[in-house]
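Please read this briefing alongside the sequence and the 3D view.

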Amino acid sequence: MNEVKEALRTIEQHYKLFLQQQFTFIAALQHTRENAHDVIRPVASISQVQSYMDHYCNNSTDRRILTMFLNICNDLSKLCHKLEAVHPGNSTTNGILERCKLLLSHSNDLSTIRAKYPHDVVNHLSCDEAKNHYGGVVSLIPIVLDCMKEWLSHTEKLPRHMLHNVSGRSALSEKRAPEDEPARAAISQNPLSVHPEAQTSISNKDGKQTQGSKHVRKKHPNDTENHNGKLKSPWKPPGRHAF
């Protein structure tokens, strides 16, 4: 689901840039229609725009803006396939997706569709342009974007086990995977080691042995051992007292 949202945000950003150049888009359509001697009928399909660009486009500015429109339509079509992969569909979401796919079909007649408030793309056209020529083609992208947002709104209300990411795993397993990472990392980073208490006892034992060795007296050649095995120094006569 996150991949779908990110893809939709990217398309919206591209559309905002395109929207700022709507007058350039209309001018490009006007130029190519004149070159094609096709100024009577409305621009009513994606394939018609594609044909104008491929065969009747004479300058880089017109080609750039027409390509931008076609690329956004193509990205929206790819996103429709991602939406189908995320959710198997119910009557509501399937209906929304079917409408998106119909609108994005290259042969679909767009002449009768109109984007309504809050979109103002039609308001930027003259009455003749809106009614007879470009009202449908400028309304296509905002209408499809609204449909996809509606699809997301319905889908987010569904139980998580009904959703799948685009790679085919369930959303629930996708959510659990990051939660398992810390445990796996802890196991891999902490190899088998001696218990701290065992290490302490070993070090204490070593300390006692070291301390005990300090109290052992070196054996003198004249020393003798008593019956307990302890060293006994030889007898020395008492010294004389000075008077």
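Predicted model: local features only at pLDDT ≥ 70, side-chain atom pairs only at ≥ 80, totals over all residues.

Residues are numbered from 1 along each chain as its sequence is written, and side-chain values use heavy atoms, with hydrogens and water left out.

**Whole protein**

- The protein has nine helices and two strands, where helices (H or I, at least four residues) and strands (E, at least two) are DSSP runs numbered from the N terminus.
- Read from the N terminus on, the elements follow the order α-α-α-α-α-α-α-α-α-β-β.
- Of the 243 residues in the protein, 32% are buried, a term that stands for under 20% relative accessible area, while exposed stands for over 50% and partly exposed for values in between (1.4 Å probe, protein chains only).
- The protein exposes about 16200 Å², of which carbon and sulfur atoms supply 54%; accessible areas come from the Shrake-Rupley method with a 1.4 Å probe, and for residues only the protein chains shown count as cover.
- Among contacts (heavy atoms within 4.5 Å) between residues at least 6 apart in sequence, 66% join residues at least 24 apart.

- Leu-140, when its neighbours within four places in sequence are left aside, is in contact with Ile-46, Phe-69, Cys-73, Leu-103, Leu-110 and Ile-113.
- Tyr-15, Phe-18, Phe-25 and Phe-69 form one aromatic cluster.
- The count of aromatic pairs comes to four, with rings of Phe, Tyr and Trp (its six-membered ring) pairing if their centres lie within 6.5 Å, and with planes under 30 degrees apart counted as stacked, over 60 as edge-to-face and the rest as tilted.

**Buried polar residues**

- Gln-22 is found in helix α2 (residues 22-35) and counts as buried because its relative accessibility is 6%.
- A polar atom of the Gln-22 side chain lies 2.9 Å from the backbone oxygen of Val-121, a polar contact being a pair of N or O atoms within 3.5 Å in which, within protein, one must be able to donate a hydrogen and the other to accept it, and for which residues adjacent in sequence count only if both atoms are side-chain atoms.
- Not counting residues up to four places away in sequence, Gln-22 touches Val-121, His-124, Leu-125 and Val-138.
- Gln-48 lies in helix α3, is buried at 6% relative accessibility, and has a side chain that reaches the backbone oxygen of Pro-42 at 3.2 Å.
- The C-alpha atoms of Gln-48 and Ser-107 are separated by 8.3 Å, although these residues are 59 residues apart along the chain.
- Ser-45, in the loop between α2 and α3, is buried at 9% relative accessibility, and a polar atom of the Ser-45 side chain lies 3.2 Å from the backbone nitrogen of Gln-48.
- Thr-93 is found in helix α5 and is buried, with a relative accessible area of 1%.
- Leaving aside neighbours within four places in sequence, Thr-93 is in contact with His-87, Trp-151, His-154 and Thr-155.

**Cysteines**

- The structure holds zero disulfides, a disulfide being a pair of cysteine sulfur atoms within 2.5 Å.
- Cys-57 counts as buried at 10% relative accessibility, whereas Cys-127 counts as exposed at 72%.

**Backbone geometry**

- Most residues other than glycine have a negative phi, and most peptide bonds are trans.
- The peptide bond from Tyr-117 to Pro-118 is cis, with omega near 15 degrees, and Pro-118 is placed in the loop between α5 and α6 (127-132).
- His-37, in the loop between α2 and α3, has a positive phi near 50 degrees and is exposed, with a relative accessible area of 75%.
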